[in-house]
Amino acid sequence: QDNVDPERIGIIGICGWGGMALNAAAIDPRIKATVASTMYDMTRVTAKGYFDAEDSEQARFEKRKVLCAQRTEDYRNDTYARAGGVVDPLPADAPDFVRDYYAYYKTERGYHPRSLNSNDGWNVTSSLSFLNMPILQYSQEIRSAVLVIHGDKAHSCYFSRDAYAKLTGENKELMLIPGAVHTDLYDNLDVIPFDKMAAFFNEYLK
């Protein structure tokens, strides 16, 4: 639009889109300021598993076999099989982060009839390309300002710590929220640092 100032473009990405936001900043120098909040690196977790516990050629090969066999089935069935959203009912032995997701996606906090995580989930095969594409390959070349925000009790915090460690320049900052879990930064108005985000954008989008 005519009123868009190309010198004042800022973006915010939350969860998986936090990683995508960093990737966008690496691609597009028009982006002057990026906030990545409670971020996931979806390519890393897909290709390597949580905490890189599945980081082997054989593990990735097995995933590729399963996903590509599903592509054949999807073609035969003329539909896409869904992976399933957040588990429901919640198992008694569910880990804390699954309980956190349940408390968000399966309650009035975050449930929506069209939400994939609240219902049938993403297509099983939707993550296939993530196995071959580390999105943060050139994140160390981001010259614009970046603010990375995460809860220090989040199971996903290592994504932000590692992403921040790769960034360069004095206009990068990692803000850890004491005691916050992953989903606190989705909707907890007492936890989300709005003032910090506003100050960040005011500084770098002058």
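Colleague: Where does S118 lie in the protein?

Modeller: S118 is found in the loop between α4 (96-105) and β3. These names follow DSSP runs numbered from the N terminus, where a helix is a run of H or I of at least four residues and a strand is a run of E of at least two. The model is a predicted one, in which local features need pLDDT of at least 70 and side-chain atom pairs count only at pLDDT 80 or more, while totals for chains, interfaces and linings use all residues. Residues are numbered from 1 along each chain as its sequence is written, and side-chain values use heavy atoms, with hydrogens and water left out.

Colleague: Why does S118 count as buried?

Modeller: A residue is buried under 20% relative accessible area, exposed over 50% and partly exposed in between, with a 1.4 Å probe and protein chains only. The relative accessibility of S118 is 1%, so this residue counts as buried.

Colleague: Which residues does S118 touch?

Modeller: With residues up to four places away in sequence set aside, S118 touches Y105, K106, G110, Y111 and H112. A contact requires heavy atoms within 4.5 Å.

Colleague: Why is β3 (145-151) described as largely enclosed by the rest of the structure?

Modeller: Seven of the seven residues of β3 are buried, so the rest of the structure largely encloses this strand. In a regular strand the side chains alternate between the two faces of the sheet. In β3, A145, L147, I149 and G151 point one way, while V146, V148 and H150 point the other way, and all are buried.

Colleague: How do you know that β3 pairs with β2 and with β4?

Modeller: Two strands pair if DSSP finds at least two bridges between them. Strand β2 (residues 31-37) and β3 have five bridges in the parallel sense, and β3 and β4 have six, also in the parallel sense. Residue I149 of β3 takes part on both sides: I149 is the bridge partner of S37, and M175 in β4 is the bridge partner of I149.

Colleague: Against which elements do the buried residues of α5 pack?

Modeller: The buried residues of α5 (residues 157-166) are C157, Y158, F159, S160 and A163. They pack against α1 (16-27), α2, β3 and β4 (172-177).

Colleague: How do you know that the span of α3 agrees with its number of residues?

Modeller: The expected span is 1.5 Å times one less than the number of residues. For the 21 residues of α3 (residues 57-77) this gives 30 Å, and the end C-alpha atoms are 30 Å apart, which agrees.

Colleague: Which residues of α3 are buried, and what puts them on the same side?

Modeller: R60, L67 and D74 are buried in α3. They cover an arc of only 45° around the axis, which puts them on the same side of α3; the arc is that of the directions from the helix axis to the C-beta atoms. What covers these buried residues includes α2 (42-48), whereas the face turned away from the buried side carries the exposed residues V66 and R76.

Colleague: C15 and F51 both have a positive phi; which is buried and which is exposed?

Modeller: C15 has a phi near 60° and lies in the loop between β1 (9-14) and α1. At 16% relative accessibility, C15 counts as buried. F51 has a phi of about 55° although it is not a glycine, and lies in the loop between α2 and α3. The relative accessible area of F51 is 53%, so F51 is exposed.

Colleague: Which residues does a cis peptide bond join?

Modeller: The cis peptide bond joins D88 and P89, with omega about 5°. P89 is in the loop between α3 and α4.
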